Amino acid sequence: MAKMLNLKLKVWRQTSAHEHGFFEDYTTTVADDASFLEMLDYVNEQLITDDREPIAFDHDCREGICGSCGLMINGQAHGPQQGTATCQLHMRKFADGDEIVIEPWRAAGFPIIKDLAVNRAAFDRIVEAGGYISVNTGAAPDANIIPVPKDTADSSMDAAACIGCGACVAACPNSAANLFTAAKMQHLNLLPQGQAERYARAESMVETMEEFFGSCTNHGECQEACPKEISIDFIAMINRDCLKALFVNRRRLGQKKDATASATTSATRPWPLKTVSALRYEERVGRAGHTPAAGAVDAARAAVRSRVD
């Protein structure tokens, strides 16, 4: 049998982004098997009955899929239950007599529309900058022809779980959107179909992200607040892709690396792996037992060049 909870609410009210906001107090009684958004529905029904302005908040599917809902509940993005969106949070997580403070996402990149509803169009701008594959990759049977390692496919699917709710931004002390951008980028960059635009995608999406949001300083709050529990490992991946985009020769992306050279191990090399300058030095001094074979310097230089390219 459901238990009834008597709750005190402090809800942020604000008519627009250009007006000053304030907290307004409410009381409500709700069953502990109701969802958090259903509790707000009950409050709004009473406000409408009293001929008062209802509380504005985002919602749509109420199944933890669309990413529309998003509230700061007692200072926590999506509330006290980890790995759960606001719409999937139930009142059983609260006790009778609790006071609940409800606020919108707090970030310059998410201006308030009204009350608890914010404008997350900045996320759309990031996706528009490169979160897609612009060529026809074929239907499902065509995609299945390309072999993809299971670990890679699983990692891509983990990134694709992002619902774009914005909890990562709201929880971050810097209001950084790196986890969102990383998820939307790496679910493409990890797959063969995403390689053609990989580095252009990394540059454009990160540049757009930095127009709206702060910088990541590895607090890790985004990972803890994410309702899909997306790992900050993906942030390391976009950092690598962005750095590599500065040096990679994109005119040669269609070429495959020499499999013979990459398969060479230290056991089969005729000399220890050293830099070109070290090999030149040994040529000059003729150190006994370490002088490289003829053409070794040119081979080493070519190996270094291939790694840069």
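Let's start with a pocket. By class, the lining of the second largest pocket has six nonpolar, eight polar and two charged residues. Here Ala, Val, Leu, Ile, Met, Phe, Trp, Tyr, Cys and Pro count as nonpolar, Asp, Glu, Lys and Arg as charged, and the others, Gly among them, as polar.

A word on the source. This is a predicted model, where local features need pLDDT of at least 70 and side-chain atom pairs count only at pLDDT 80 or more, while totals for chains, interfaces and linings use all residues. Residues are numbered from 1 along each chain as its sequence is written, and side-chain values use heavy atoms, with hydrogens and water left out.

What is a pocket here? Two or more lining residues come from each of β4 (76-77), α5 (167-171) and α8 (221-225). Of the elements, α8 gives the most, with three residues. Helices (H or I, at least four residues) and strands (E, at least two) are DSSP runs, numbered from the N terminus.

Next, helix α4. Which residues of α4 are buried? Ser 155, Ser 156 and Ala 159 are. Buried means under 20% relative accessible area, exposed over 50%, and partly exposed in between, with a 1.4 Å probe and protein chains only. These residues cover an arc of only 100 degrees around the axis, so they sit on the same side of α4. That arc is taken from the directions from the helix axis to the C-beta atoms. The cover over them includes α6 (178-189) and α9. Take Ser 155, at 16% relative accessibility. Beyond its neighbours within four places in sequence, Ser 155 is in contact (heavy atoms within 4.5 Å) with Leu 190, Phe 234 and Met 237. The face turned away from the buried side carries the exposed residues Lys 150 and Met 157.

Side chains of opposite charge can pair when their charged atoms come close. The rule is a side-chain nitrogen of Lys or Arg within 4 Å of a carboxyl oxygen of Asp or Glu. The count comes to twelve. Lys 150 pairs with Asp 154 at 2.6 Å, N to O. Both lie in α4 (residues 150-160), four residues apart, about one turn of the helix. Lys 150 is exposed at 61%; Asp 154 is partly exposed at 33%.

Now a longer link. Arg 198 bridges to Asp 241, with 2.7 Å between the closest N and O atoms. Arg 198 is in α7 (residues 198-212) and Asp 241 in α9 (residues 233-245), so the pair ties together parts 43 residues apart in sequence.

Last one. Glu 24 and Arg 52 form a salt bridge at 3.5 Å. Arg 13, Glu 24, Arg 52 and Asp 115 are linked in a network of salt bridges.
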